[in-house]
Amino acid sequence: MDKNFSLHKGDANTLVCQSFSDCYHELNQYILTEGVKTESRLGPTYETLNFKIVIQKPIHRCTVSLNRNSNIFFHLAESLWVLSGRNDLEFIEIFNSRFLEYSDDGRTLHGAYGKRMRSWNATNGGEPLDQLFKITSLLNSDSDLRRSVISLWNPAIDLGNISKDIPCNTQLVLRVKGNDFHLTIFNRSNDLHWGYIANIFQFSFLGEIISLLLNKKYVKQTHLSQSLHIYTENNLIREVTDSDIQNIFYSQYIPNDFIFNFENSPEHFKERFTELDTVLKNVAEMVLESYKSDVKSFPDLLKVIEQFCCKSQSLYEIAYLLTLFVSYKKELKKGLSKNKLRIQYADYLLEKNRLNKFRHQDYLALALNYFVQRMDNVAKTKYTITDSHMGEY
């Protein structure tokens, strides 16, 4: 098969790709064979130092690999959680229960990127700094700015701290060149199979939101990892398979740009930023309230997301998918048949797409894949008629 990436080995340690999915298997093999066996506080790893990856199609943010079954609901929820400036477990734990393992107090995460980005600790009693607003506002005024850095590492509270959650990503650097937007992420320590995949998605989502605010095109996302590693006991190092399934997926489910119907132009940047920021936060809060509410059925929950449709088809679809997932989680608690529930919620997706075709077909396909992959073999056949690989992504 043709390879849409180039891997420069040895001291170069650089991978240039169209999308991360194109090179996921190759990178796993590279670290497995070339990485140095290194002990860590979480167990032995194979580690490569100072690794760089350049992604040339950053909106191809979904990692697709045979039977990898990435959780699109979690990735979308985490992206909203970060952009909204949250650090609470109450929201994110709905989509990934393992976050509790990294909390020091059972309620929040010490190293949450969103909180640090949107509400940087004040000094000398000043107001917390919204780094995202400040930096996008500066770039909007001066697109040639080369001092556009968002800090995620705070030495005052991180250096020497024994917290369970010290930030792995330390800095984001933004750059505008003409009509193009570039985002560079600096990372101190990253596990390929869990942290890296999540980082690629959430920072790609962030990069696209920033480019939308600035009315630029998001063209390149670069990750620089001081330690890129895989844990020797992680079964994924043996399960990630070399296949063409990512090309099959992206040829059928082509990603579309995020859209938002701004009332304000970049000339009125504060109002433009507030427009988008308000809706992003409202979607996150609405999803949480849907999970906590006593509303009994998914169709009833849908009534509350209609408010987002006219403002942003993209956010409406994200709200739809996350609301569908929280409804599914609530139904699971009742002890109903898991297989029947998965069929029911997969059918919700198909019917919604039939009535009103999703703009973001990649998100829809992975949401459907989430349910199909967990069904029994008899039930799966209904969903593999139009896509024989459904349930394998």
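Which residues of helix 9 (residues 245–252) are buried? They are Ile 245, Gln 246, Phe 249 and Tyr 250. Buried means under 20% relative accessible area, with a 1.4 Å probe and protein chains only. This is a predicted model: local features need pLDDT of at least 70, side-chain atom pairs count only at pLDDT 80 or more, and totals for chains, interfaces and linings use all residues. Residues are numbered from 1 along each chain, and side-chain values use heavy atoms, without hydrogens and water.

**Helix 9**
- Helices are DSSP runs (H or I, at least four residues), numbered from the N terminus.
- Down the axis of helix 9, the buried residues fall within an arc of 125 degrees, so they line one face of the helix. The arc is taken from the directions from the helix axis to the C-beta atoms.
- These buried residues pack against helix 1 (20–34) and helix 14 (361–373).

**Gln 361**
- Gln 361 lies in helix 14.
- Gln 361 counts as buried because its relative accessibility is 12%.
- Leaving aside neighbours within four places in sequence, Gln 361 is in contact (heavy atoms within 4.5 Å) with Tyr 253 and Asn 353.

**Helices 10 and 12**
- The axes of helix 10 (residues 269–292) and helix 12 (residues 313–332) come within 9 Å and cross at roughly 15 degrees. Axes are lines fitted to C-alpha atoms over the stretch in contact, and angles run from 0 to 180 degrees between N-to-C directions.
- That makes helix 10 roughly parallel to helix 12, a term for angles under 35 degrees.
- The contact includes Leu 276 and Val 279 of helix 10 and Leu 315 and Ala 319 of helix 12.

Definitions and conventions:
Buried < 20%, exposed > 50% of the residue type's maximum accessible area, 1.4 Å probe, protein only. Helix = DSSP H or I, 4+ residues; strand = E, 2+ residues; numbered from the N terminus. Parallel < 35°, antiparallel > 145°, perpendicular 65-115°, else oblique.
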